[in-house]
Amino acid sequence: MGLEENLPSGVLLSTLEGFTNWARSSSLWPATFGLACCAIEMMTTGAGRYDLARFGMEVFRPSPRQADLMIVAGRVSQKMAPVLRQIYDQMVEPKWVISMGVCASSGGMFNNYAIVQGVDHVVPVDMYLPGCPPRPEMLMDAILKLHEKIRHEKIDARTQLLAEAKARRDERDGARLALAEGH
Ligand code: SF4
């Protein structure tokens, strides 16, 4: 990040965009992070006979600071949500999120106050994966589709997204402050 801010638009940027996206999509490093039964399928995908190394992503990183892919594998409890958000915030930019399984994507059969009804209430999701649990082949399909998505991203799209999110957050904080001060 930062590279795109100093480059002129045109052929050079298009070429650089293609190369950068190819490099980013070919070296995604997932954070080691599992929440429930879906995590067993994720571990099978990473450590079993499915060979994620083919896609440049065999290393599940124990530190979020070395990871740029979060696979939310399992239902997210209200108690876990702030921890999940903290891990996401500590991951390097640019970063991506796969919501694995029906529970992470929508709360699934846990339609109650203890479970977040969709992890997109907590972090932005790039790819939703249905199933209970999704099989390793389905996770690999979601990963390949995410690779495809990254390859077609505008290089500065993330910067814009972050700026928009920050503006929304500032606006919300301002409104809260005004409310607290009784304006
Ligand atoms: S989707 Fe199914 S396997 Fe995954 S966390 Fe929910 S109940 Fe468990």
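Select Glu-41, Met-42, Thr-44 and Thr-45 in helix α2, then Pro-136, Leu-139 and Met-140 in helix α5: these two groups are in contact, contact meaning that C-beta atoms, placed from the backbone, lie within 7 Å. By class, the residues of this contact are four nonpolar, two polar and one charged. Nonpolar here covers Ala, Val, Leu, Ile, Met, Phe, Trp, Tyr, Cys and Pro; charged covers Asp, Glu, Lys and Arg; the others, Gly among them, count as polar.

The model on display is predicted, with local features requiring pLDDT of at least 70 and side-chain atom pairs pLDDT 80 or more, while totals for chains, interfaces and linings use all residues. Residues are numbered from 1 along each chain as its sequence is written.

**The two helices**

Within α5, select Ile-143. Ile-143 counts as buried, with 23 C-beta neighbours inside 10 Å. A residue is buried if 20 or more other C-beta atoms, placed from the backbone, lie within 10 Å of its own, exposed if 12 or fewer, and partly exposed in between. From Ile-143 to Glu-41 the C-alpha distance is 14 Å, although 102 residues separate them in sequence.

**The whole chain**

Zoom out to the protein chain, which has six helices and three strands. Helices (H or I, at least four residues) and strands (E, at least two) are DSSP runs, numbered from the N terminus. Their order from the N terminus is α-α-β-α-β-α-β-α-α. The C-alpha atoms fill a box of roughly 60 × 50 × 25 Å along the principal axes. Of the 183 residues, 26% are buried. Among contacts with a separation of 6 or more, 81% are between residues 24 or more positions apart.

**The nonpolar core**

Next, select Met-70, Ile-71, Val-72, Ala-73, Ile-98, Met-100 and Ala-104. These residues have the most contacts inside the largest nonpolar core, which holds 32 residues. Such a core is a set of buried Ala, Val, Leu, Ile, Met, Phe, Trp, Tyr and Cys residues joined through C-beta atoms within 7 Å. At least two residues of this core come from each of α2, β1 (69–73), α3 (81–90), β2 (96–100), α4 and α5. In soluble globular proteins, nonpolar side chains tend to be buried together.

Centre the view on Ile-71 in strand β1. Ile-71 is buried, with 31 other C-beta atoms within 10 Å. Beyond its neighbours within four places in sequence, Ile-71 is in contact with Pro-30, Met-42, Ile-98 and Met-100.

**The ligand shell**

Select the ligand and the residues around it: Ala-36, Cys-37, Cys-38, Gly-74, Arg-75, Gly-101, Val-102, Cys-103, Gly-108, Cys-132 and Pro-133. The shell has seven nonpolar, three polar and one charged residues.

Most residues other than glycine have a negative phi, and most peptide bonds are trans. Pro-133 is in the loop between β3 (127–129) and α5. A cis peptide bond also joins Glu-93 and Pro-94, with omega about -10°, and Pro-94 is in the loop between α3 and β2.

Finally, go to the loop between α2 and β1 and select Asp-51. Phi of Asp-51 is near 60°, a positive value in a residue other than glycine. Asp-51 counts as exposed, having 11 C-beta neighbours inside 10 Å. Arg-49 is also found in the loop between α2 and β1, and is exposed, with 7 other C-beta atoms within 10 Å. The C-alpha atoms of Arg-49 and Pro-136 are 10.0 Å apart, across 87 residues of sequence.

Key: A residue is near a molecule or strand if its C-beta atom, placed from the backbone, lies within 6 Å of it.
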